[in-house]
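Okay, thanks everyone. I'd like to walk you through one model today, so let me put it on the screen.

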Amino acid sequence: MSAPAYGVLRRVTPTASVLLENNPSSMTLEGTNSWVLRGAGASGSVVVDPGHEDVEHLTLLAETGDVDLIILTHHHPDHAEGAPWFAERVGAPVRAFDEALCIGGKSLVDGDVIEAAGLRLSVLHTPGHTGDSICLVSDGQILTGDTILGRGTTVLHDLGDYLRSLRKLIELPEGTTGLPGHGPELPDLAATAREYLAHREERLDQVRSALKELGADATPRQVVEVVYADVDKALWAPAEWSVRAQLDYLRSEDGE
């Protein structure tokens with residue numbers, strides 16, 4: 001795989017370009033994808049997920065041109081921390097599902113349609129990774145934040161919510177391009193959502209089997225040691241969050 005192109009605005013679709021933040025980790029993959037959206041002939045842009053308060057990255061992002069609006073896909077720092085600094089720098093409002101993240105703009109709700117920078121962006125509330133996670137659909141493409149990554153699987157807060165979100169994304173038209181918060185773009189987001197759903201169902205079966213072996217009161221860590229035995233131990237901590245969500249799901253009435 002070629003080295004990540006940090007600090008270089010890369011065109012991905014006719015209306016979407018990405019600036020990759022230099023904040024790689026096991027959780028962020030190569031780094032955070034800050035998306036710059038601009039319709040044909042528009043003078044300004046919509047910036048999605050400015051990233052950490054990384055002044056070098058945010059300055060480069062500001063230099064991509066005028067910004068009409070900043071949107072956050074969820075509250076995690078690798079997506080949202082730099083938004084106040086960036087908003088002040090470019091003089092644009094910030095909108096998000098969580099009202100506490102908004103600056104000079106109102107909070108978003110499922111089904112909202114945003115018209116900015118020559119584009120129409122439809123908001124899908126897709127909780128699961130976090131309660132405030134959203135996706136943005138526009139012009140044959142969807143920005144997924146951390147709901148679906150460009151590679152691997154995401155850490156979960158609530159599995160029931162996440163399964164419902166995946167079923168929503170499966171209904172997207174075939175060939176809808178996925179523009180994730182981390183990792184490479186995806187050629188068919190609905191197909192990827194189906195793969196994610198199958199993966200989650202497989203993991204649930206593995207957790208059920210582990211509980212039969214360990215006992216119904218097994219801790220998330222004990223389950224991780226069985227289900228993720230073949231996974232790098234450096235990833236066991238985030239895996240524990242997902243297993244906790246799976247255990248909550250299985251132990252709830254909805255999961256029975």
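I'll cover a histidine, then a pocket.

Quick housekeeping: this is a predicted model, where local features need pLDDT of at least 70 and side-chain atom pairs count only at pLDDT 80 or more, while totals for chains, interfaces and linings use all residues. Residues are numbered from 1 along each chain as its sequence is written, and side-chain values use heavy atoms, with hydrogens and water left out.

So, His182. You'll find it in the loop between strand E11 (177-180) and helix H5 (189-214); helices (H or I, at least four residues) and strands (E, at least two) are DSSP runs, numbered from the N terminus. Is His182 buried or exposed? His182 counts as buried because its relative accessibility is 0%, and the cut-off for buried is under 20% relative accessible area, with a 1.4 Å probe and protein chains only. What does its side chain reach? The backbone oxygen of Thr28, at 3.1 Å. A polar atom of the His182 side chain also lies 3.0 Å from the backbone oxygen of Gly31.

Now the largest pocket, at about 720 Å³. A pocket here is an open set of points on a 1 Å grid over the protein atoms alone, where a 1.4 Å probe fits, with protein on both sides within 12 Å along at least five of seven lines; lining residues have an atom within 4 Å of a point. The volume is the space filled by probe spheres set on the points, with grid points joined across faces, edges and corners. Helix H7 (236-251) gives the most to this lining, seven residues.

Notes: Buried means under 20% relative accessible area, exposed over 50%, partly exposed in between (1.4 Å probe, protein chains only). A polar contact is a pair of N or O atoms within 3.5 Å; within protein, one must be able to donate a hydrogen and the other to accept it, and residues adjacent in sequence count only if both atoms are side-chain atoms.
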